[in-house]
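Please find below some notes on the model you sent. They are arranged by topic, one point to a paragraph.

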Amino acid sequence: MFWKFDLHTTSHIDQLLDREDVTLRELMEEEDVLQECKAQNRRLLLFLSQDHSMQELVNLITEEPSSDLEEKTRFKFPNIACELLTSDVTLINDKLGGDESLLEKLYHFLEQDPPLNPLLASFFSKTIGNLIARKTEQVISFLRKKHNFIGLVLNHLDASAMMDLLLRLISCVEPAPLRQEVLTWLNEEQLIQRLTELMQTERDEERQSNASQTLCDIIRLSRDQANQMPEAMEPDPLLTVLESEENVARLLKSMFEGEKSEASIVNGTQVLLTLLESRRSGLEGLMELYSQGCERSYTVSGSILRAIEPHLKDFQQLLLDPPKKSAILTTVGVLEQPLGNARLHVARLVASLLQTSDHSVCQELCRLNTMDLLLDLFFKYTWNNFLHFQVELCVASILNHSAHTGLQIPTLQNHDEKAVQGSESQKEEGTPGQDSNADPAHTPIHDLFQQCRLVQRILDAWEENDRIQAEGGTRRGNMGHLTRIANTVVQNLEKGQVQSQISDLIKELPEDCRGRWESFVGQTLRETNRRNTVDLVSTHNLHSSSEDDDMESPFPNDLSIQQAFSDYQIQQMTANFVDQFGFNDEEFSEHDENINATFDRIAEINFNIDADDNSANAAAFEACFKERIQQFDDCEEEEDIWEDKEINYATQVKSRSRFGVSSSSDSSPKGPVRNGQRGRGSASEEEEDEEGAAQPPTQTATSKKMGSPQTPQSKSFSKPVPVSNKLPCHLNLIHLIQPVRDLGIDRLAGGGVANCG
């Protein structure tokens, strides 16, 4: 920032500070007071750190402004006061964190009756949070003396600023030993248990939502910080309580006790989904894990799964009988019974549970026919892509993880030993933790193909969609996800870990259904995949300018493109123009087909000079040629090239601008039309070097004074100078031939051809 480098102009604040009766409000009226504060204006900081100034700043952020003030300026000074107190200036931090009377005044804000003013609550939370980060020991010591601090914060949890304050206590305390003390203190205050109680259905929805979000954030923050700390450190007590079976059971009880509300179910399910999150996934997470020298697991704790399993029937009932919702109007019509957020979250929970591949949970889901209900909803709500995606995840999890349902699920790092003991006790008690004693008829993959009739549903839905589209209807909204589900089945049938199981299940289908499936896979699905994989823009040949120029062009290398380009060039030209200048399609197609080729041929302008060898025009040309072109002799006295001379001329030639339209001349062409060639000519070198000074006879003569710069003296020319791309419509002969060599004209007299390329 610019204030760090003192790149600021003289402020009016210094003039105000010269006054003995200056007030804090007067200084806060200045627009640059915050910039001056951050720029370490010493006089300003000394004024702000005085006791009366600090007391007034704290009052501004903790007391409700007068309602008599205009609304747009009512919170102006509280906002500026908050910015000054949190400007991260050492002098202000020391004064605020070291003065207990100021901390008491801040703390008194929490003792008000709810609800708090949300804007003042944000000012208070930001100020306390800054002190927690900058004056950690003093502020933590002060707060721990307040036995009701956690209770007051939770009492105002309907304000989201209080949620931020709790998260700062967990994440912003350094060093690690002090942070561990704070976590222990929060655990002793039963923070997690109190937050869980706020999830009960009788609580207001805003408080439930903030409590749920706080628990989710604590889980993620604690797991991330636990990954970064050394193994010797004690486990996070808050995370230990959150992942305990007792706490999960308490959460589920608060969700389903009493009258079911959608808010309680959704908020509680969000906490469960966070607990079921894997902290790392895929090879990247595994490599990061071993690169840190850590062998801890990133999978889900078994205690969480054991607590959820008895309540799966309650979630199943939600799919059958969700909280009542009124009809809603959508873009595809009126939806009498919407899916609802509760059932969508149940689908998300089922997908997460299936991804854990826990055998006991999967068996219970099969027993309850949960997948059958989800597929019913999939085909009923054809326009709810949120639901479609979750059902697709469920099918993919069953097909990809069925071979691993017998593996014991490791636990999170805070419960490794406890989980191992729990697994051993489950084996001793005969809990279905292995696949060896499982009934194959009740495995998820058998349930998916037999009980849920996945193949038949795919075929029926596809045929129904084809019928609707044939009648002029709209393609169903779930067809994309249905295509992906069908592809997942085919891929696992070809090379998946459960290839043999799927093959056997397909063979057990009725013969007509098996034939329809084979036809669908070989024709319909293959054609759909082909259409879906067509690139809208071909990019495989794109290359940078630094690569070889002979690489293939990214554009289609087709003669039809060249023909279209040629047609476009002459689309506005008259037939007479084409006949005169001799352009035709073959000339363009004979050129290099690469579109990156140079446009030499297009730059060539072939035209006739209306002059025969024996005509007066030819004589005029020869006379002018002899006068203007002289042999170069170093011994000759150099002539003034800017000397004006009177020149007579009497002919005009046809010309056209590059890619332009022709203009008619006074006489029609008589000579043949030929393509000019650069650097070649039929005239001899003696004719080119011949000197002459005769004035040409005039035929429709006009005279004009003009400058005649002479070609610089030289023995020879290395190459012709290119002519301008655009020529005037009527070009005088003398303009064309002066200097002759510079124009690259091989032969003009007698119907010659000029190359202006």
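1. Contact here means heavy atoms within 4.5 Å. Leaving aside neighbours within four places in sequence, Thr488 is in contact with Ala396 and Leu399. Thr488 sits in helix α30; helices (H or I, at least four residues) and strands (E, at least two) are DSSP runs, numbered from the N terminus. Thr488 has 15% relative accessibility and therefore counts as buried. Buried means under 20% relative accessible area, exposed over 50%, and partly exposed in between (1.4 Å probe, protein chains only).

2. On the basis of the numbers: this is a predicted model, in which local features need pLDDT of at least 70 and side-chain atom pairs count only at pLDDT 80 or more, while totals for chains, interfaces and linings use all residues. Residues are numbered from 1 along each chain as its sequence is written, and side-chain values use heavy atoms, with hydrogens and water left out.

3. The largest nonpolar core has 153 residues. Such a core is a set of buried Ala, Val, Leu, Ile, Met, Phe, Trp, Tyr and Cys residues joined through side-chain atoms within 4.5 Å. Phe149, Leu272, Met371 and Phe449 have the most contacts inside this core. Helix α23 (residues 341-355) supplies the largest share of the core, 9 residues. For Phe149, the residues touched, not counting those up to four places away in sequence, are Tyr107, Leu110, Leu143, Leu165, Leu169 and Trp185.

4. Which residues of α28 are buried? They are Pro444, Ile445, His446, Asp447, Leu448 and Phe449. Because 6 of the 8 residues of this helix (residues 444-451) are buried, α28 is largely enclosed by the rest of the structure. The cover over its buried residues includes α24 (359-367), α25 (370-380) and α26 (385-401), along with α29 (454-470), α30 (479-495) and α31 (499-507). After α28 comes Arg453, with a positive phi near 55°.

5. Two packed helices are described by the angle between their axes and the distance between the axes. Helices α8 (residues 90-98) and α9 (residues 100-108) pack at about 75°, their axes 5 Å apart. Axes are lines fitted to C-alpha atoms, for helices over the stretch in contact, and angles run from 0 to 180 degrees between N-to-C directions. The angle makes α8 roughly perpendicular to α9; angles under 35 degrees count as roughly parallel, over 145 as roughly antiparallel, 65 to 115 as roughly perpendicular and the rest as oblique. From α8, Lys95, Leu96, Gly97 and Gly98 meet Glu100, Leu102, Leu103 and Leu106 of α9. The residues of this contact divide into 4 nonpolar, 2 polar and 2 charged. In this scheme Ala, Val, Leu, Ile, Met, Phe, Trp, Tyr, Cys and Pro count as nonpolar, Asp, Glu, Lys and Arg as charged, and the others, Gly among them, as polar.

6. At what angle do the axes of α8 and α10 cross? They cross at roughly 100° and come within 10 Å. That makes α8 roughly perpendicular to α10. Asn93, Leu96 and Gly97 of α8 make the contact with Thr127, Asn130, Leu131 and Arg134 of α10. By class, the contact of α8 with α10 has 2 nonpolar, 4 polar and 1 charged residues.

7. Most residues other than glycine have a negative phi, and most peptide bonds are trans. The places below are worth a look. A cis peptide bond, with omega about 0°, joins Pro114 and Pro115, and Pro115 lies in the loop between α9 and α10 (118-134). The bond from Glu174 to Pro175 is also cis, with omega near 5°; Pro175 is in the loop between α13 (160-171) and α14 (176-188).

8. Gln190 is not a glycine, yet its phi is positive, about 55°. Gln190 is in the loop between α14 and α15 (191-197) and, at 44% relative accessibility, counts as partly exposed. Ser357 also has a positive phi, near 60°. Ser357 belongs to the loop between α23 and α24 and is buried, with a relative accessible area of 6%.

9. Not counting residues up to four places away in sequence, Ser53 touches Leu24, Phe47 and Leu48. A polar atom of the Ser53 side chain lies 2.9 Å from the backbone oxygen of Phe47.

How values were computed: Polar contact = N/O pair within 3.5 Å; in protein donor to acceptor, adjacent residues only side chain to side chain.
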